[in-house]
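Me: Got a model open here and want a quick walk through it. Can you take my questions as they come?

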Amino acid sequence: MGRLSGFRVTITQVFRPRVTEKFPQEKRPKPPRFHGRHVLNRYEDGMEKCIGCELCAGVCPAQCIYVRGADNLTDAPVSPGERYGFVYEINYLRCIHCDLCVEACPTEAITETKLFEFSFARRQDAIYTKDELLVDDEGRARRQPWELWLGGEDDETSAWMRATSSSGNAAYENRVAWSGELGFGVREPERGQGGDPGALPAPDQGGVS
Amino acid sequence: MGLTDADQRRAQQIIDRYPYPKSAVLPLLHLAQDRDGWVSPEAMEQIAELLGLTPALVLGTCSFYTMFKREPAGALVVSVCTNLSCMVNGGFDLFDQLRSRYQESSDVSVEEVECIAHCDHAPAFQVNYDFHGPADAHGAADVIEQYLDGRLAARTISGTARQEVPR
Amino acid sequence: MTTNAVPMSQWPSEHRYTIPVAPGPETVTVTIDGRAAQIPRGELLIKAAQDHGTYIPRFCWHERLKPVGMCRMCLVEIEGMRGLQISCATPVADGMVVHTTSDAVTTAQDGILEFLLINHPLDCPVCDRGGECPLQDQTLAFGPGESRFVEEKRHFEKPVPISDLVMLDRERCIQCGRCTRFADEVAGDPLIDFGGRGGSTEVITYLDEPFHSSFSGNTVQICPVGALTARPYRFRARPWDLASTETSCGACAVACRGSLESTSNRLVRLLGVDSEPVNQGWLCDKGRYGLDWVHSDARLRQPMVRRAGELVESSWPDALDAAAAAIRNTLDTHGPNGIAVLGGSRGVNEDAYLWARLAKGVLGTDHVDAQLGDGLPADVVLGMPRATIPDLDRAKAIVLLAPDLKEELPVLYLRVRRAAHDLGVPLVDVAVRDHGLTPYATAVLRHAPGDPGAAAGVVADALVGRPGRTKVGKAIVDATDGRDGPVVVILGRTSVAEHPDAIVHAASRLTGLPQVRFLSALANPNVHGALDLGLTPGFLPGRVSLDAGRDHFTKAWGAVPDAVGRDAAGILRAAATGEIAALVLVGCDPLAECPDRNLARAALEQADTVIAVSAFMDTAAFGATVVLPPTVWGEQSATTTNLEGRVVRLGRRVTPDGSTLESWRIPAELAARLGSDFDLETVDEVQDEIARVAPAFAGVDASLLRRARDGVVLPLADHADEVTFGRAGAGPGPSWEPILPVPEVVGDDDRSPSTSASDSPSAAVPAPTPPVPLHRWDAPPDAPSVPPLDAYALRLVAGHALYGADAIVAATPALASLTHEPTLGLNARDRDRLGVHDGDRVRITTARGSVDLAVRTDAQTPPGTAWIVANAAGPGAPDLIDLTSPVTELRVETIS
């Protein structure tokens, strides 16, 4: 082999399948429970799901969420009920994408998308305001100028992205128990991760949603 | 509306019966209801004034009892029992028929009540707290007509005394 | 059965209802969960358990309300008694063995909570109570965890406003009756009650008569669910956002203890803290909701200096230089007597002291007055034998020589009402017109405005057992017969339309009574601190007169004025004639506060220099030469003195916007610029200097104030045994009863209190004797001559309304809507005699001036008198009053 023996590893790798991708032109499919940036969802009638309860802000370990509630106007309510999220801000310089906010949200207003490719040139861009977080009239995340999306990535943005199963079982499959949302209606339940789907409990025997 | 001077004197007599004026709330509410056919806001305010209470306390007491009418009612209150014995003997039918019959009447108000302890005469009903029954809708209407034209003397709307039925 | 009745403050007392308690020793032994405890006989089991470390869950029971047993949450098992007992209505008995955690009890608790939650909407995420909710907390701690109820919950329209300040959510209500009981038992305003019954029971107000009580905010605080919420606080914050500091309310001279809470550097809430000697947990709505003024856009955030006729924003060094230069200029041209300092009664102790030191020690002027002719002579206030608020509870009798406490000192009204109504203390009401406490009075004496002397004479005689020939005299003798204790006279300025000599004369007739003590009813937040610290002519800090303290203060300060100066009326008159050229206004607006507005206007117009220390651009600051904006309540840590002479701490909760200077630094900085460095760096150093220098404050230094839970009553030598240390017991927390363990009492903002062994509640406080004997009031003045009543004129009575035109109300949107237009209140007889009707505008003319007001029939006002609120915005009583005349006679003419 001689001199070529030094290239053994290189040569064998040449004939192996490629593991890298042409990012960002091509992206790998993300795992179903991937934690990207947040969106604030709306109901099918366009009302905001957020009620400004601040539970997300209260639970946030990085203290990156700032929420303030206000009284809904009776003639032009923003959300169902008395209270709505008047200010909603997330500081992505702090956010660790732990998804505890998503767990805490009593109305499935805040969920995480799979969108993670964003880099800011200015610090204030890192603070996403309510206007930026709220889904648009089609129910899709609003694209910010500094965000890198490919087609279809914004489809995956809703309540069923809840990260942990209620039972703590990764194989658990949820059941639909939340209200429909703007643009997507009621989504299919999340698929379990691992395990034999046939061995799972029937969806309606699942724990609380 | 409210209490007349004669009523005021009567009210004072009632108040004097009790060690604490507050105790006279119920008799005074009856007095006002007998006078007007219902307990008007003016009456409640007058009673509050007489007893040194706030109107809110009088309203609180008044609203506890369904026998105090806080909206104008007919001079005859027909209470149809729909509890168990009366129900199986047609109490609901009696109630429905009487209600539709007197729907337009300003003299007769038909209401549904729980057991009035007249089960042996089911289906039973009361006209201003006088017991009647058993009766079908026709018989009951007959009784009510007798009260209306004066052949039977009705009690007051509070059931406290006989009265002339106003025409 | 041998029982005897033990009347307790806790039992319904309206009808002298008592509950039979078995006779026996005063202390009984009760075993609670295996631990034996010694408990006073007749104590409620739930309270006894709480005091000994066992928390029994409850909703309806509140320590300051009478028990009703409505919620059934406090069921316990008592050996030998059949079934479970509600511990909130069970008095302890000797040998009782109680189990609070047995299976039967936990099953019952599960059941009660499941039942209470049947109709409770569980909208916790949008509920203001969510996160600090006794129902949430106790469901987690004692509840079943799940519900079997699958049916539809009841629904009501929600939320409904039941007053301008309170919203009612009937779905959340669990019918504990705390709000209705508070309104009835404590506030005496039963404007809410339960209506309906069974599942449709709801809290109601009468038709369109809202819950207009000055104490409505307390119902929100004690509501164990979110059924009652405060409109000013609604959705402003969640409990976990809030940072708290214990402080005292700054709205009036009672100085109620409270927990001041902020979020994002904004004050959002004040909750009453249970301070046994002062407010017992309650606050009035003005104090509770008067927060937004601190953040008002109208606040001045930069000092201002007049340049070329215009007030322009300036830097602090420039503004202080300009103020110092103006003062020095006046000193050069007019001497010390050309300068006067007015105000200080709305500040804090530290700035009061330093202004006094600046004026008297540095400038050498004694023309200093904290009261603007709206108070009582300092000679009386500083020298009278002082009562404390708890003295009311054990008094032989309470004599009211005061304005309407319900309007001016609301929480003092609650204490007097409680003493008279619940504790059976005879209340003698001497006044011109009926007021909030009249319904609770044992004896009512009415007198003509300006002439309370004779009525006070009757009271004085009756209180020593001489009934005279009057019915009230006999009533007082009957009521006080056999009662011991001090006679507490609540002494205030009954009407600013009459000269204070009249009420002082009346008070002097009571000074001869055995054990007589006076409780001042002056309302301005720190008027007592300002007087105590020398902001009044003829006195030096620490309740000593100029002459008595001359040597002591010359040593401490270097110099004191030679002669007694002018009071506010004198200062304003001298300023109007040009004798006084410079006025320093310390947080006061004479045009709004002085009862004689014409005099104030003349003074401000004539004065060459006006230096206004003011947080707002009020009318006085508008014409000022220099405006210096200080920090205000909530922005600085300091101390205040309440009407008992109790010195309490004020906490700092928010950082001020803009560039304001801590209020006590302003006089210190001016002094430094005038060549006299006080060498004070921190507020603690000021407190220590006060303790060192001011005789009445001897021993009351920063360290003691920091540790004393309920503050320190002056002079310390007389009240050392009342000082308590340590954290408050396991009473009701700021807004809810704590689940054990007891949470920390809201802490200190800058340093945590040092708890040492010496801070045990029983530790003796060293109480040094004041270095100079304190001033005593003797020499009652001669009876002022009161002109006879003119048959054609009406005599004016002018008092303050709770929601007046002051900055707290005007700059707080929630309260500003509660103010009323000033009206002329007339008795129906006078109204008819004048031939006017309600709402008619009439012209009111006195010797001093004339205003147009609308007429309102006022049953509280007796014939021959007229009532006008003195602190309403716009033209009104101050335009009619002459500070020098004994009474104000007015004539009314209709205007077409």
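This is a predicted model: local features need pLDDT of at least 70, side-chain atom pairs count only at pLDDT 80 or more; totals for chains, interfaces and linings use all residues.

Me: Which chains share the most contacts?
Reply: Chains B and C, of the two pairs of chains in contact. Two residues are in contact if their C-beta atoms, placed from the backbone, lie within 7 Å.

Me: How many residues of chain B and chain C are in contact there?
Reply: Ten residues of chain B are in contact with 14 residues of chain C. Helix H4 (residues 55-64) of chain B gives the most to the chain B side, with seven residues. Helices here are DSSP runs of H or I with at least four residues, strands are runs of E with at least two, and both are numbered from the N terminus.

Me: How does that side of chain B divide into nonpolar, polar and charged?
Reply: Seven nonpolar, three polar and no charged. Ala, Val, Leu, Ile, Met, Phe, Trp, Tyr, Cys and Pro count as nonpolar, Asp, Glu, Lys and Arg as charged, and the others, Gly among them, as polar.

Me: And what about chain C with chain A?
Reply: Eight residues of chain C are in contact with 13 residues of chain A. The chain C side divides into five nonpolar, no polar and three charged.

Me: How far apart are the closest C-alpha atoms of chain A and chain B?
Reply: They lie 28 Å apart, and no contact joins the two chains.

Me: OK, inside chain B. What does the domain assignment give?
Reply: Domain 1 is 5-64 and domain 2 is 76-163. The bounds come from an automatic or database domain assignment. Over C-alpha atoms, the centres of the two domains are 28 Å apart. Their contact takes four residues from domain 1 and four residues from domain 2. On the domain 1 side, the residues are no nonpolar, three polar and one charged.

Me: At what angle do helices H1 and H2 of chain B cross?
Reply: Roughly 160°, for H1 (residues 5-16) and H2 (residues 25-36), with axes that come within 10 Å. That makes H1(B) roughly antiparallel to H2(B). The contact uses Asp7(B), Arg10(B), Ala11(B) and Ile14(B) of H1(B), against Pro27(B), Leu28(B), Leu31(B) and Arg35(B) of H2(B). By class, that is five nonpolar, no polar and three charged residues.

Me: What are the terms behind that angle?
Reply: Axes are lines fitted to C-alpha atoms, for helices over the stretch in contact, and angles run from 0 to 180 degrees between N-to-C directions. Under 35 degrees is roughly parallel, over 145 roughly antiparallel, 65 to 115 roughly perpendicular and the rest oblique.

Me: Over to chain C. Which residues of helix H18 are buried?
Reply: In H18 (residues 568-577), Ala568(C), Ala569(C), Ile571(C), Leu572(C), Ala574(C) and Ala575(C) are buried. Buried means 20 or more other C-beta atoms within 10 Å of the residue's own, exposed 12 or fewer, and partly exposed in between, with C-beta atoms placed from the backbone. Their cover includes strand E27 (582-586) and helix H20 (597-606) of chain C. Gly578(C) follows H18(C), with a positive phi near 90°.

Me: Where is the cis peptide bond in chain A?
Reply: From Phe23(A) to Pro24(A), with omega near 5°. Pro24(A) is in the loop between helix H1 (8-14) and strand E1 (38-40) of chain A.

Technical notes
Residues are numbered from 1 along each chain as its sequence is written. Chains are lettered from A and ligands numbered from 1 in the order in which they are written.
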